[in-house]
Every structure is written in C-alpha cells, then in structure tokens.
Amino acid sequence: MATRPVGFGIRAFLLAATPLAFLGGTQVTLLSGHTDTFWAWTIALPISAIFIGASFLATSVLFAWGLTQREWIRVRAVVSGGPFVTVGLLVATLRHDGEFHGPVGVIWVEAYVFAVPAFFAAAVHQLSLPGRDRPVQDRLPAWLRGALGIQALIMLAWGALLFARPGHSGDVWAWPLAPLAAEAIAAWLLGIGGSAAYIALRGDREDMPGPALSYVVLGTVWIGGAIFGGDAFHNGLDAVLYVLFALSVIAVGVAGATLSHRERRYAPAPRG
C-alpha cells in the first residue's frame with residue numbers, strides 16, 4: 001500500500017496559516033511596545049508580546065517546513081500541537097472578546113472562530129485518506145528524546161497552571177500577566193509542549209528537521225524578550241531560570257538541526 005499523502009485540507013490550512021503566523025509574529029515582536037495601536041489587544045508588558053510573537057514566528061517556520069513534505073506522517077509532527085493552540089486561543093478569545101480592538105482585533109477573532117472548525121475538518125479529512133504511515137526507522141538519540149521530553153513536561157505543566165489560574169499567573173510565571181495574556185501564553189505552551197512530547201515519544205529522526213529550526217527561532221526570540229523586557233521579571237532568580245530554559249530550547253534545536261543536516265535530511269526529497 002502506498003504511503004498516506006498530505007490531504008488538500010491540511011495543505012490548505014498550512015498555506016493560509018504560515019504567512020499569517022509570520023506576519024503576526026513579526027508585527028507583535030517588533031512593535032511590542034505599541035500593542036495598543038498595532039495588535040489585536042493591548043499587552044501591558046513588551047516581554048509578553050515578544051513571547052507571543054516568538055510562538056507565532058516559530059510556528060511559521062514549522063509550517064513552512066510542513067509545506068515541503070508530501071507524506072502525512074511527516075506533517076503530523078508539524079501539526080501535533082495544533083489542537084492545543086487553536087482550541088486554547090479560541091477559548092481565550094471568547095472569554096475576553098471585549099478586549100480586542102482595531103482591524104487586527106477583528107482579524108484575530110474571526111481567524112480563531114474559523115480556525116478551530118477548519119483545522120479539525122481538515123484533520124478528519126486527512127485521517128480518511130487511504131494509505132499507510134511509515135514506521136519509525138531511525139530513532140533519535142536517547143539524550144535528545146529525554147531533553148525534549150523534559151521540556152515538554154515543563155511547558156505542559158506551565159500551560160495547564162496558567163490556563164487554570166489566569167488571574168493568579170504571578171504565582172507560577174516569571175513576570176506579571178493579565179488574564180488574556182496568561183491564557184494566550186498558556187495555549188502556546190500547551191501547543192509547543194504537545195508537539196515536543198509527540199516528537200519525544202515517537203522518537204523518529206525524520207520528524208526533527210523542521211521542529212529543530214522552529215525551536216532555534218523560539219528560544220532566540222525568547223532571549224531577545226528577556227533582554228529588551230527584562231525589567232518585568234519578579235526577581236533575578238526568575239530571570240535566570242527563564243533564560244536557562246530558553247537556552248536549553250536553543251540547544252536542543254541546534255542539536256536536532258545539526259543531526260538533521262549531517263544526515264542530509266534538509267536535502268529535497270526525491271520525486272517519485
């Protein structure tokens with residue numbers, strides 16, 4: 001039986017989401033101090049805006065990689081965190097719909113109201129396609145899987161705590177967060193953590209090239225946020241722990257990208 005291809009629905013979702021994620025991430029990151037005018041809602045602290053922007057930018061890299069793949073099993077790693085992010089951001093949007101303003105606010109609300117059913121409809125269609133999914137042939141090194149797994153657990157725990165107690169986010173997060181920002185960051189942590197958990201559990205080297213590049217972008221922009229908005233941290237220990245975690249994300253990304261490059265996994269797939 002032939003391998004299961006990427007369906008029209010998933011490819012269309014990636015085609016639409018990739019430029020939107022890049023543009024949104026660029027805008028909120030570069031204009032993190034002016035979200036009252038240039039973002040969907042006002043984010044009080046630039047470091048929060050940059051954190052959200054990092055998530056969008058990393059996702060655009062991940063989705064762009066997914067668009068180069070033709071087999072569903074390769075794209076599954078790309079969209080594995082999608083349910084957490086889309087549902088989480090939709091819930092946050094509906095809970096705080098009065099905080100959105102301007103044209104970007106309108107685009108945000110409409111995008112997430114339609115994104116969730118569109119994503120799940122595409123997923124259902126994808127799973128109905130005939131074909132087989134390749135089994136794991138080359139396992140990731142145990143240390144790399146372990147590092148991904150630990151990071152996944154930390155992000156999932158942070159995301160769950162923030163979503164459960166958005167009004168008390170200062171108890172579990174490194175800087176103060178308004179409820180909407182707390183829930184948005186929680187959704188991204190759950191999504192990124194879910195994707196990292198999938199890759200760690202499956203342990204397939206073929207899943208690593210795109211996520212590795214995405215991880216490098218994510219950690220690097222997180223560090224940038226700490227540099228430009230570091231006065232928002234509760235204390236020096238929170239700042240150190242945050243930076244160390246961001247550095248660990250970069251390290252895992254660089255290790256995964258180096259491994260993928262050495263094994264020529266970034267080379268264009270042969271046509272067949």
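Trainee: Which helix holds Leu241?
Mentor: Leu241 lies in helix H10, which covers residues 236-262. Please keep in mind that this is a predicted model.

Trainee: How many residues apart are Leu241 and Trp108 in sequence, and what is the separation in space?
Mentor: In sequence, 133 residues separate Leu241 and Trp108. In space, they are 32 Å apart, C-alpha to C-alpha.

Trainee: Let us turn to Ala174. Where is Ala174 placed?
Mentor: Ala174 sits in the loop between helix H7 (142-164) and H8. With a relative accessible area of 11%, Ala174 is buried, because buried means under 20%.

Trainee: And what does Ala174 touch, not counting residues up to four places away in sequence?
Mentor: Ala174 touches Ala232, Phe233, His234 and Asp238.

Trainee: A new topic: the largest pocket. How much space lies in it?
Mentor: The largest pocket holds about 900 Å³ of space. Its lining has 42 residues, and those nearest the centre are Ala17, Ala21, Phe56, Tyr112 and Trp188.

Trainee: Which elements give two or more residues to that lining?
Mentor: They are helix H1 (8-30), helix H3 (46-67), helix H5 (82-95), helix H6 (102-128), helix H8 (179-202) and helix H9 (209-229). H6 gives the most, with 9 residues.

Trainee: How many nonpolar, polar and charged residues does the lining have?
Mentor: The lining of the largest pocket has 32 nonpolar residues and 10 polar ones, and no charged residues.

Trainee: What about the largest nonpolar core: which residues have the most contacts inside it?
Mentor: Those are Trp41, Trp108, Trp175 and Trp222, in a core of 72 residues. H8 gives the most to this core, with 16 residues. There is also a second, separate core of 14 residues, which includes Ala17, Val75, Val79 and Phe119.

Trainee: What is Trp41 in contact with, leaving aside its neighbours within four places in sequence?
Mentor: Trp41 is in contact with Thr35, Ile52, Glu99, Phe100, His101, Trp108, Leu180, Ala181 and Ala184.

Trainee: Now the aromatic rings. How many aromatic pairs does the structure hold?
Mentor: The structure holds 24 aromatic pairs. One of them joins Trp41 and Phe100 in an edge-to-face arrangement, at 5.6 Å centre to centre and with 75° between the planes.

Trainee: Which parts does the pair of Trp41 and Phe100 tie together?
Mentor: Trp41 lies in the loop between helix H2 (35-38) and H3, and Phe100 in the loop between H5 and H6, so the pair ties together parts that are 59 residues apart in sequence. Trp41 and Phe100 are both buried.

Trainee: What is the geometry of the pair formed by Phe119 and Phe120?
Mentor: Phe119 and Phe120 form an edge-to-face pair, 5.5 Å centre to centre with 90° between the planes. Phe119 is buried at 5% relative accessibility, whereas Phe120 is partly exposed, with a relative accessible area of 36%.

Trainee: Which residues form one aromatic cluster?
Mentor: The cluster is formed by Phe51, Trp158, Trp173, Trp175, Trp222, Phe233, Tyr242 and Phe245.

Technical notes
Residues numbered from 1 in each chain as written. Predicted model: local features only at pLDDT ≥ 70, side-chain atom pairs only at ≥ 80, totals over all residues. Heavy atoms only, no water. 1 Å grid on protein atoms, 1.4 Å probe; cavity = no way out; pocket = protein on both sides within 12 Å on 5 of 7 lines; lining within 4 Å. Points joined across faces, edges and corners; volume = space filled by probe spheres on them. Helix = DSSP H or I, 4+ residues; strand = E, 2+ residues; numbered from the N terminus. Nonpolar A, V, L, I, M, F, W, Y, C, P; charged D, E, K, R; others polar. Core = buried A, V, L, I, M, F, W, Y, C linked by side-chain atoms within 4.5 Å. Buried < 20%, exposed > 50% of the residue type's maximum accessible area, 1.4 Å probe, protein only. Contact = heavy atoms within 4.5 Å. Phe/Tyr/Trp six-rings, centres within 6.5 Å; stacked < 30°, edge-to-face > 60°.
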